[in-house]
Amino acid sequence: MAKRRVETMEANRAKLIGAARKAFAEKGYSAASMDELTADVGLTRGALYHNFGDKRGLLAAVVQQIDVEMASQAQEIGARVGDDWNGLLAEGAAYIEMALNPEVQRIVLLDGPAVLGDPSQWPSQNNCLQVTKETVERLIAQGVLKPVDAEAAARLINGAALNAALWIAASGNPKEVLPKAVEAFRHLATGLLAKPK
(Lines give C-alpha, C1' and ligand atoms only; values in the text may rest on other atoms or scores of the structure.)
Protein backbone atom coordinates (compact mmCIF):
# COMPACT_ATOMS: atom_id res chain seq x y z
CA MET A 1 0.00 0.00 0.00
CA ALA A 2 2.78 2.44 0.91
CA LYS A 3 4.55 1.69 -2.38
CA ARG A 4 1.39 2.52 -4.33
CA ARG A 5 1.00 5.79 -2.43
CA VAL A 6 4.62 6.77 -3.23
CA GLU A 7 4.06 5.92 -6.90
CA THR A 8 0.90 8.06 -6.96
CA MET A 9 2.72 10.96 -5.34
CA GLU A 10 5.57 10.67 -7.86
CA ALA A 11 3.08 10.54 -10.73
CA ASN A 12 1.25 13.62 -9.40
CA ARG A 13 4.54 15.44 -9.00
CA ALA A 14 5.54 14.61 -12.58
CA LYS A 15 2.12 15.73 -13.88
CA LEU A 16 2.39 19.05 -12.07
CA ILE A 17 5.93 19.69 -13.29
CA GLY A 18 4.92 18.86 -16.87
CA ALA A 19 1.86 21.11 -16.76
CA ALA A 20 3.82 23.93 -15.11
CA ARG A 21 6.62 23.64 -17.63
CA LYS A 22 4.10 24.06 -20.45
CA ALA A 23 2.25 26.93 -18.73
CA PHE A 24 5.42 28.79 -17.72
CA ALA A 25 6.85 28.47 -21.24
CA GLU A 26 3.66 29.66 -22.93
CA LYS A 27 2.45 32.33 -20.49
CA GLY A 28 5.37 33.11 -18.23
CA TYR A 29 5.52 32.56 -14.49
CA SER A 30 3.40 35.51 -13.38
CA ALA A 31 0.58 34.90 -15.88
CA ALA A 32 0.37 31.14 -15.30
CA SER A 33 -2.71 30.24 -13.26
CA MET A 34 -2.26 27.55 -10.64
CA ASP A 35 -5.99 26.74 -10.77
CA GLU A 36 -5.82 26.14 -14.54
CA LEU A 37 -2.58 24.22 -14.24
CA THR A 38 -3.88 21.83 -11.58
CA ALA A 39 -7.24 21.41 -13.32
CA ASP A 40 -5.47 20.55 -16.60
CA VAL A 41 -3.93 17.48 -14.94
CA GLY A 42 -6.94 16.57 -12.80
CA LEU A 43 -5.39 17.57 -9.49
CA THR A 44 -6.14 20.13 -6.81
CA ARG A 45 -4.18 23.05 -5.46
CA GLY A 46 -3.66 20.90 -2.38
CA ALA A 47 -1.56 18.49 -4.46
CA LEU A 48 0.53 21.40 -5.67
CA TYR A 49 1.06 22.72 -2.15
CA HIS A 50 1.77 19.25 -0.79
CA ASN A 51 4.46 18.58 -3.42
CA PHE A 52 6.02 22.02 -3.90
CA GLY A 53 4.89 24.32 -1.09
CA ASP A 54 3.73 27.03 -3.47
CA LYS A 55 3.98 28.34 -7.03
CA ARG A 56 7.58 29.43 -6.44
CA GLY A 57 8.50 25.91 -5.32
CA LEU A 58 6.91 24.53 -8.48
CA LEU A 59 8.96 26.95 -10.59
CA ALA A 60 12.10 25.81 -8.77
CA ALA A 61 11.29 22.18 -9.66
CA VAL A 62 10.70 23.09 -13.32
CA VAL A 63 13.91 25.13 -13.50
CA GLN A 64 15.81 22.26 -11.87
CA GLN A 65 14.45 19.81 -14.46
CA ILE A 66 15.30 22.01 -17.45
CA ASP A 67 18.69 23.04 -16.07
CA VAL A 68 19.65 19.38 -15.52
CA GLU A 69 18.59 18.62 -19.10
CA MET A 70 20.69 21.54 -20.35
CA ALA A 71 23.75 20.39 -18.43
CA SER A 72 23.34 16.83 -19.66
CA GLN A 73 23.00 17.97 -23.26
CA ALA A 74 26.04 20.25 -22.96
CA GLN A 75 28.09 17.43 -21.41
CA GLU A 76 27.09 15.07 -24.23
CA ILE A 77 28.23 17.65 -26.78
CA GLY A 78 31.50 18.16 -24.91
CA ALA A 79 32.14 14.41 -24.67
CA ARG A 80 31.84 14.03 -28.45
CA VAL A 81 34.72 16.44 -29.04
CA GLY A 82 37.31 13.98 -27.81
CA ASP A 83 39.56 15.83 -25.35
CA ASP A 84 38.93 17.64 -22.08
CA TRP A 85 39.98 21.11 -23.21
CA ASN A 86 37.94 21.28 -26.40
CA GLY A 87 35.13 19.47 -24.61
CA LEU A 88 35.08 22.16 -21.94
CA LEU A 89 34.85 24.87 -24.61
CA ALA A 90 32.15 22.94 -26.48
CA GLU A 91 30.11 22.47 -23.30
CA GLY A 92 30.23 26.18 -22.52
CA ALA A 93 29.32 27.17 -26.08
CA ALA A 94 26.46 24.64 -26.12
CA TYR A 95 25.08 26.00 -22.85
CA ILE A 96 25.24 29.54 -24.23
CA GLU A 97 23.51 28.50 -27.46
CA MET A 98 20.64 26.96 -25.50
CA ALA A 99 19.64 30.52 -24.62
CA LEU A 100 18.03 30.65 -28.08
CA ASN A 101 15.49 28.00 -27.00
CA PRO A 102 12.28 29.90 -26.09
CA GLU A 103 11.48 27.57 -23.17
CA VAL A 104 14.99 27.96 -21.72
CA GLN A 105 14.89 31.71 -22.27
CA ARG A 106 11.61 32.31 -20.55
CA ILE A 107 11.72 29.78 -17.70
CA VAL A 108 15.40 29.37 -16.80
CA LEU A 109 17.00 32.64 -17.88
CA LEU A 110 14.27 35.24 -17.39
CA ASP A 111 11.65 34.05 -14.89
CA GLY A 112 14.03 31.81 -12.92
CA PRO A 113 16.41 34.55 -11.75
CA ALA A 114 13.55 37.04 -11.28
CA VAL A 115 11.67 34.69 -8.95
CA LEU A 116 14.31 32.34 -7.53
CA GLY A 117 17.26 34.70 -7.29
CA ASP A 118 20.90 34.22 -8.23
CA PRO A 119 21.22 31.21 -10.59
CA SER A 120 24.73 30.48 -9.33
CA GLN A 121 23.08 29.41 -6.06
CA TRP A 122 20.66 26.91 -7.64
CA PRO A 123 21.38 23.23 -6.85
CA SER A 124 21.56 22.35 -10.56
CA GLN A 125 24.18 25.04 -11.12
CA ASN A 126 26.21 23.66 -8.23
CA ASN A 127 26.17 20.24 -9.88
CA CYS A 128 27.47 21.83 -13.10
CA LEU A 129 30.14 23.60 -11.10
CA GLN A 130 31.41 20.31 -9.66
CA VAL A 131 31.64 18.73 -13.12
CA THR A 132 33.51 21.76 -14.45
CA LYS A 133 35.83 21.76 -11.43
CA GLU A 134 36.73 18.10 -12.02
CA THR A 135 37.50 18.86 -15.67
CA VAL A 136 39.62 21.86 -14.69
CA GLU A 137 41.52 19.74 -12.15
CA ARG A 138 42.30 17.16 -14.86
CA LEU A 139 43.43 19.88 -17.25
CA ILE A 140 45.70 21.40 -14.61
CA ALA A 141 47.17 17.95 -13.82
CA GLN A 142 47.77 17.41 -17.55
CA GLY A 143 49.55 20.77 -17.79
CA VAL A 144 46.96 22.11 -20.23
CA LEU A 145 45.80 24.86 -17.87
CA LYS A 146 47.85 27.15 -15.66
CA PRO A 147 48.10 25.97 -12.05
CA VAL A 148 45.29 28.15 -10.75
CA ASP A 149 42.72 27.36 -8.09
CA ALA A 150 40.40 24.83 -9.77
CA GLU A 151 37.26 26.00 -7.99
CA ALA A 152 37.92 29.64 -8.87
CA ALA A 153 38.55 28.75 -12.52
CA ALA A 154 35.43 26.55 -12.64
CA ARG A 155 33.28 29.29 -11.10
CA LEU A 156 34.55 31.85 -13.60
CA ILE A 157 34.07 29.53 -16.58
CA ASN A 158 30.54 28.59 -15.51
CA GLY A 159 29.76 32.18 -14.62
CA ALA A 160 30.89 33.38 -18.04
CA ALA A 161 28.68 30.82 -19.79
CA LEU A 162 25.69 31.58 -17.56
CA ASN A 163 26.03 35.34 -17.94
CA ALA A 164 26.42 35.01 -21.69
CA ALA A 165 23.18 32.99 -21.76
CA LEU A 166 21.44 35.57 -19.56
CA TRP A 167 22.62 38.34 -21.91
CA ILE A 168 21.27 36.50 -24.95
CA ALA A 169 17.91 35.83 -23.27
CA ALA A 170 17.49 39.48 -22.27
CA SER A 171 18.65 40.80 -25.64
CA GLY A 172 16.33 42.32 -28.19
CA ASN A 173 18.16 40.30 -30.85
CA PRO A 174 19.40 37.01 -29.36
CA LYS A 175 20.64 35.56 -32.67
CA GLU A 176 22.87 38.59 -33.19
CA VAL A 177 24.26 38.44 -29.66
CA LEU A 178 24.98 34.67 -29.71
CA PRO A 179 28.15 34.65 -31.86
CA LYS A 180 29.60 37.58 -29.92
CA ALA A 181 28.93 35.83 -26.61
CA VAL A 182 30.41 32.50 -27.74
CA GLU A 183 33.52 34.18 -29.17
CA ALA A 184 34.13 36.17 -25.99
CA PHE A 185 33.56 33.05 -23.86
CA ARG A 186 36.19 31.15 -25.86
CA HIS A 187 38.70 34.01 -25.55
CA LEU A 188 38.17 34.29 -21.80
CA ALA A 189 38.60 30.55 -21.26
CA THR A 190 41.69 30.45 -23.47
CA GLY A 191 43.39 32.81 -21.00
CA LEU A 192 43.63 29.85 -18.62
CA LEU A 193 45.77 27.82 -21.02
CA ALA A 194 49.33 27.12 -19.86
CA LYS A 195 50.54 27.52 -23.43
CA PRO A 196 48.16 29.73 -25.44
CA LYS A 197 47.25 28.27 -28.81
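**Helix packing and an aromatic pair**

Visitor: Are H4 and H7 roughly parallel or roughly antiparallel to each other?
Guide: In this predicted model, local features need pLDDT of at least 70 and side-chain atom pairs pLDDT 80 or more, while totals for chains, interfaces and linings use all residues. Residues are numbered from 1 along each chain as its sequence is written, and side-chain values use heavy atoms, without hydrogens or water. Helix H4 (residues 55-81) packs against helix H7 (residues 123-141) at about 20°, their axes 9 Å apart; axes are lines fitted to C-alpha atoms, for helices over the stretch in contact, and angles run from 0 to 180 degrees between N-to-C directions. Under 35 degrees counts as roughly parallel, over 145 as roughly antiparallel, 65 to 115 as roughly perpendicular and the rest as oblique, so H4 and H7 are roughly parallel.

Visitor: Is the crossing of H5 and H8 left-handed or right-handed?
Guide: The axes of H5 (residues 84-97) and H8 (residues 150-170) come within 8 Å and cross at roughly 25°, so this pair is roughly parallel. A crossing is left-handed if the near helix is turned anticlockwise from the far one by less than a right angle, and right-handed if clockwise. H5 passes H8 in a crossing that is right-handed.

Visitor: How many helices are there in the chain?
Guide: Helices (H or I, at least four residues) and strands (E, at least two) are DSSP runs, numbered from the N terminus. The chain has zero strands, and its helices number nine.

Visitor: Within what arc do the buried residues of H3 fall?
Guide: Buried means under 20% relative accessible area, exposed over 50% and partly exposed in between, with a 1.4 Å probe and protein chains only. In H3 (residues 45-52) the buried residues are Ala47, Leu48, Asn51 and Phe52. They line one face of the helix, because seen down the axis of H3 they fall within an arc, taken from the directions from the helix axis to the C-beta atoms, of 100°.

Visitor: Which residues form the aromatic pair?
Guide: Rings of Phe, Tyr and Trp (its six-membered ring) pair if their centres lie within 6.5 Å; planes under 30 degrees apart are stacked, over 60 edge-to-face and the rest tilted. A search of the whole structure finds one pair. Its centres are 5.5 Å apart with 50° between the planes, which makes it tilted, and its members are Phe24 and Tyr29.

Visitor: Which residue has its charged end over the ring of Tyr29?
Guide: A charge sits over a ring if NZ of Lys or CZ of Arg is within 6 Å of the ring centre and within 35 degrees of the ring normal. Tyr29 is buried. The charged end lies 4.6 Å from the centre of the Tyr29 ring and belongs to Lys55.
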